[in-house]
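Biologist: Please take me through this model, setting each value against the rule that gives it its label.

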Amino acid sequence: MLNKLLKDELPLLFVWLIIGLISGIVYAFARAGIIVPQVLLTPVVARSLHISQMLYGFFPLVLSLLPFAIFEKDGVLSSNAVLNLRRYFVLWNMFLLFMTMSLLFGNQRGLPFYDFPYTLNFLLAFSGFFYILALIDAVKAYEKLPLWVIVSLAVVVIAPILLVVLMNPDFGQVEKTLVGPHGDNTLGMSFALIPIYYLIIKLVSPNSFKPRYAWLWILPFVGYIISLIIRNFFHSLSYNEEWFFQYLTLFYLPLLLIWLRDSGLKWHHNPYLVLSIAAFLFVDLEGNILFIPQIRTLIHRNDLVVGHAHIAMGIGVAFMALSIASYLLPSIFRRIYAFWYFLTMLLMAFALTLAGLVEGGFISGNIEFFMIVRVIFGIIVFMLILHMILNTFVLDMRSKMQLYHIAGFISDALGGIILIIAGGFIFSFLGWKFDHAYIYVIFAFMIGTGIIHLFGYIYNSSLLGMISALVRLLVSSMFISLYMAHMLDGLALAVGLYDGLFALIYLLYLRDIK
């Protein structure tokens, strides 16, 4: 059941991933001194959208399937739980859509990792309601609830409340950590990954896995709670206090190594998980070195730190999610992708690290060269993901109907996205007017038509072909009529002719194909 759910959600999940990657590439171009002609996706917006999609898009949604994968492995997952999961995905995808549009049109908070409007957190919290329902329905089949299930339920129940409180612009924890080294934040974020690693190891381990040495995660957790109490009720943390809390993350190094050894996990079992743990161990050790005051003074907020973050998120957290995806859909998330994706991200992070060392005065070199190298590896990552998508969806084409639908998706959905991002530049280049905000609504309508084609392709649907053809005929008649009445310019004629011809292809040649 769960693998079908993930496969059904994959097209939209890949859309968010592609948006995040394209935004990152646009920002990387800007950092390399190369200006990409467009209007909305400025470097500031591109950076914000890239980070937000990586933190809230493809990877966290796949990660959220983890407890249900274990439920399915234990034989307690019900169809009703999967139904509530689908509802949860609907609302989270709505959040991602609103977040993307808000950031594109400049509605930002100016925060490093939570840049979208605060009110969208309520939509996230609402999605959590259905996630809780799915959990409750799944665990009913247990005679005795395992400890990890009890903890998961407690965390998920309190998470929507914490989300709304901590993200609040007036009294939230996020607003209090805009300045400073964030040692306690690092401790908290690192701790949040430890139970996820435990559950993934439990899921994919070839042996019966029982975790040992619990004190290695209990001590850092107690430290994090103490840091929150000090920061919120007494005073801002001094550098030495944050340094102390940062170094508590070193307890995670032996813990994960012991868990990996006890589980019997090897590369051939799940390369994504092995690489994720390796990245976490490296980032933990590197982060503590970078926290040394003499080093941090030279490299804080430069590209070495950016490289550090790319290993943490682009390999560590991303491969956590991919380890689950490869468990559920091994034919799509194959081992070969793990190797090439890891190598490409590692080389990108290495280029950023070298750029940071140049900026910090440790070595001499040309920073722009390393930024161009970053762009190249970013494009390679994009091509790898695109290759995975093509292998999964497009290269499996079985009919002329699917060819029609995929052409419609590329022209309308992808074309609409390009026009939203760069429409102002394209229209100016072609000599057309672009002076009304409602033109963006037309672009959104194009994307909607493209999405109809996407589902028509997936389900090889003649019905959706008919719907898209009728919509196109209606649009065609409207635009051509407005052009003939001299109310719109040549752009309307071009759109009308295009939609009319596209509709005729279906009505004349594909309508009667079964």
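Modeller: The protein exposes about 24300 Å², and carbon and sulfur atoms supply 73% of that area; accessible areas come from the Shrake-Rupley method with a 1.4 Å probe, and for residues only the protein chains shown count as cover. The model is predicted, so that local features need pLDDT of at least 70 and side-chain atom pairs count only at pLDDT 80 or more, while totals for chains, interfaces and linings use all residues. Residues are numbered from 1 along each chain as its sequence is written, and side-chain values use heavy atoms, with hydrogens and water left out.

Biologist: What makes up the secondary structure of the protein, and how many helices does it have?

Modeller: The protein has 20 helices and zero strands, where helices (H or I, at least four residues) and strands (E, at least two) are DSSP runs numbered from the N terminus. Of the 514 residues, 51% count as buried. Contacts (heavy atoms within 4.5 Å) between residues 24 or more positions apart account for 79% of those with a separation of 6 or more.

Biologist: Why is Asp412 called buried?

Modeller: Buried means under 20% relative accessible area, exposed over 50%, and partly exposed in between (1.4 Å probe, protein chains only); Asp412 has 4% relative accessibility and therefore counts as buried. Asp412 is placed in helix H17, residues 400–430, and, leaving aside neighbours within four places in sequence, Asp412 is in contact with residues including Met446, Thr449, Arg472 and Tyr498.

Biologist: How do you know that the side chains of Asp412 and Arg472 make a polar contact?

Modeller: A polar contact is a pair of N or O atoms within 3.5 Å, where within protein one must be able to donate a hydrogen and the other to accept it, and residues adjacent in sequence count only if both atoms are side-chain atoms. The side chains of Asp412 and Arg472 are joined at 2.9 Å, and the side chain of Asp412 also makes a polar contact with the side chain of Ser411, at 2.9 Å.

Biologist: What makes the pair Asp8 and Lys4 a salt bridge?

Modeller: A salt bridge is a side-chain nitrogen of Lys or Arg within 4 Å of a carboxyl oxygen of Asp or Glu, and the closest N and O atoms of Asp8 and Lys4 are 3.0 Å apart. The two are separated by about one helical turn, because they are four residues apart in helix H1 (residues 2–31). Lys4, Asp8 and Arg86 are linked in a network of salt bridges, and by this rule the count comes to seven salt bridges.

Biologist: Which parts does the salt bridge between Glu359 and Arg31 tie together?

Modeller: The side chains of Glu359 and Arg31 meet at 3.8 Å, N to O. Glu359 lies in helix H15 (residues 335–359) and Arg31 in helix H1, so the pair ties together parts that are 328 residues apart in sequence. Glu359 has a relative accessible area of 33% and is therefore partly exposed, and Arg31, at 28%, counts as partly exposed.

Biologist: Why is the group containing Trp217 called a nonpolar patch?

Modeller: Patches are made of residues with over 30% relative accessible area and no salt bridge, like charges being joined within 9 Å and nonpolar side chains (Val, Leu, Ile, Met, Phe, Trp, Tyr) within 5 Å. The members, among them Trp217, Ile218, Phe221 and Phe234, have about 840 Å² of accessible area together. Trp217 lies in helix H9, residues 215–233.
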